[in-house]
Amino acid sequence: MQTKTNSGLFDLNYLKIGLHDNLYYQLNAAELVEQSILNNEGKLADSGALCIETGKFTGRSPKDRFIVLDDETRDNVNWNSVNQAISEENFDSLWLQVSEFLSQQKLYVIDAKACADPKEEIKLRVVSTFASHNLFASNLFINDTDASVLVQPDWSILVAPAYTVSDYRSFGLNNENFVVINFTKKIILIAGTGYTGEIKKSIFTVLNYLLPTYKSYLTMHCSANRGEDGETAFYFGLSGTGKTTLSSDKRRQLIGDDEHVWTEDKVFNIEGGCYAKCVGLNSESEPEIFQAVRFNSLLENVKFIPGTRTADYDNTSITENIRVSYPLDFIENIVGNGQGAAPKHIFFLAADAFGVLPPISKLNVEQAMYYFINGYTSKIAGTETGITTPQATFSACFGQAFLPLHPTKYANLLGKKLEKHPDIQVWLVNTGWVAGPYGVGNRIKLGYTRALIREALSGNLADQEYITHPIFELQMPKECAGVPTEILNPVTLWTDADAYEKQAFDLKGLFENNYEQFRQK
């Protein structure tokens, strides 16, 4: 690694950033932590982790994310409320403003890579006014041992948390903060927000455009792990469905926990680290994540227990979205090169708070595409202001906020792969409620869900006898080792079969209404 505090040889002119002496390049973790503390960006926890607060924004701001409308994107991007357009002229004006601001600041520059397959990697440069943002980037992206100040990267990310635009409406923005992606100039502007997740998800959005468009690769918001025989499994799921928990299995090696690419014959991790939620984190429930909180990791919006420097993971006074980022090798049981074979099993996780879906069911290709493009889970009372009863939540392909292309593009790619490889088995797993909806029934035990997935992975579940759900037409196993038979068919635990039927038809209607937008595409 290289450290430069005098940038006379460091040319950022291609980013319109003027040369100055107060610039730090490719600092290691210890140096970045030291700089963060000197800058009053954060404090050290007693675990050794750097703890920062991200300010006004404690999560992404989707309504402030834009894509430049130009010849590259005009006919490719699925323009909507998620993928908002901004003109080339307005981008250039914002770029000049941000660069002029950065030219007057102490800067931290780090070069890294995305995509664990060397044949597909892209080189990244993150330029930020915060050393802690460079620490985040070094954790989440892949180390570039060949980084050089003289080599212009594939993509550059300019991060200016303190910079805002007062006359934002004149630039077509919704607020004074913004994230703008330019696919032609390969530059991302992030301004007015200190939330580090914008860096990570901007690059994911870039790859969700480039790889399906130009290589017909399926980019996926999922975790992945590998068994002893090299067999790969994917785990898709929205927040709260257990994606990270269920993919962390001591008997299997973790490929990655959030972003992956499925090529013709293999899968690879996009990232080199993890960005985990840590509300309620403890050594018993999530031992792998708990032990990863140490020097080099970055805690966000976590309060200390009063009078100590011990992280209080139960304190959500800043936000429910408290997180920790750390390098992937902080997890013991990982696949070192971040790659695996094409999957044998795919799990769609849904925390169904209506208590309707079976704990596990087997999907055919048509059903797999249907549940993939719907991307279902549910929110429960108390998770958000105003929610008093369970609410269905749909996010296309389990990651709609990060999809620049129409969701059917990703669903069709999945469908083609499943048709080409009929030995791949897709499962729908309900990690939510049984014996009634939230408030009446109870959440299925994690041990039962782990047993269902374990038996599916071993091939034992495929050999069981199945029955068909009368409303959803899902194939439900009649038996599974380690799981009470009575919970496998959800209606059996309801005291009122008619009430179950009504609830099931209501949920089916919500699925159909959501799916209608994709039917003619």
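This is a predicted model: local features need pLDDT of at least 70, side-chain atom pairs count only at pLDDT 80 or more; totals for chains, interfaces and linings use all residues.
Helices here are DSSP runs of H or I with at least four residues, strands are E runs of at least two, and both are numbered from the N terminus. Residues are numbered from 1 along each chain as its sequence is written, and side-chain values use heavy atoms, with hydrogens and water left out.

**How the spaces are defined**

- The search runs on a 1 Å grid over the protein atoms alone: a cavity is a set of points where a 1.4 Å probe fits but cannot get out, while a pocket is an open set with protein on both sides within 12 Å along at least five of seven lines.
- Lining residues have an atom within 4 Å of a point.
- Grid points are joined across faces, edges and corners, and a volume is the space filled by probe spheres set on the points.
- For residue classes, Ala, Val, Leu, Ile, Met, Phe, Trp, Tyr, Cys and Pro count as nonpolar, Asp, Glu, Lys and Arg as charged, and the others, Gly among them, as polar.

**Cavities**

- Five cavities of 30 Å³ or more are present in the structure.
- The largest cavity has a volume of about 80 Å³, and its lining includes Arg60, Glu198, Lys201 and Phe402.
- Helix 4 (residues 197-215) provides the largest share of that lining, four residues.
- Four nonpolar, two polar and four charged residues make up the lining of the largest cavity.
- The second largest cavity holds about 70 Å³ of space, and among the residues that line it are Tyr235, Asp249, Arg450 and Arg454.
- Helix 9 (residues 446-458) gives the most to the lining of the second largest cavity, with four residues.

- Strand 6 (107-114), helix 3 (131-140) and strand 8 (142-143) each supply at least two lining residues, with the largest share, four residues, coming from strand 6.
- By class, the pocket lining has 14 nonpolar, 11 polar and six charged residues.
- The pocket lies between domain 1 (13-41 + 62-215) and domain 3 (274-330), because both give residues to its lining; the domain bounds come from an automatic or database domain assignment.

**The annotated binding site**

- An unreviewed UniProt entry carries the annotation "binding site" for Lys201, His221 and Asp258; such positions are given in the numbering used here, feature names are shortened, and annotations may be inferred rather than shown by experiment.
- These residues span 58 residues in sequence, yet no two of their C-alpha atoms are more than 10.5 Å apart, so they gather at one spot.
- From this set, Lys201 belongs to the lining of the largest cavity.
- Lys201 is found in helix 4 and is buried, with a relative accessible area of 11%.
- Buried means under 20% relative accessible area, using a 1.4 Å probe and protein chains only.
- Leaving out residues up to four places away in sequence, Lys201 touches Arg60, His221, Asp258, Glu259 and Phe402, where contact means heavy atoms within 4.5 Å.
- Asp258 sits in the loop between strand 14 (253-256) and strand 15 (259-262), and Asp258 is also buried, at 9% relative accessible area.

Definitions and conventions. Buried means under 20% relative accessible area, exposed over 50%, partly exposed in between (1.4 Å probe, protein chains only).
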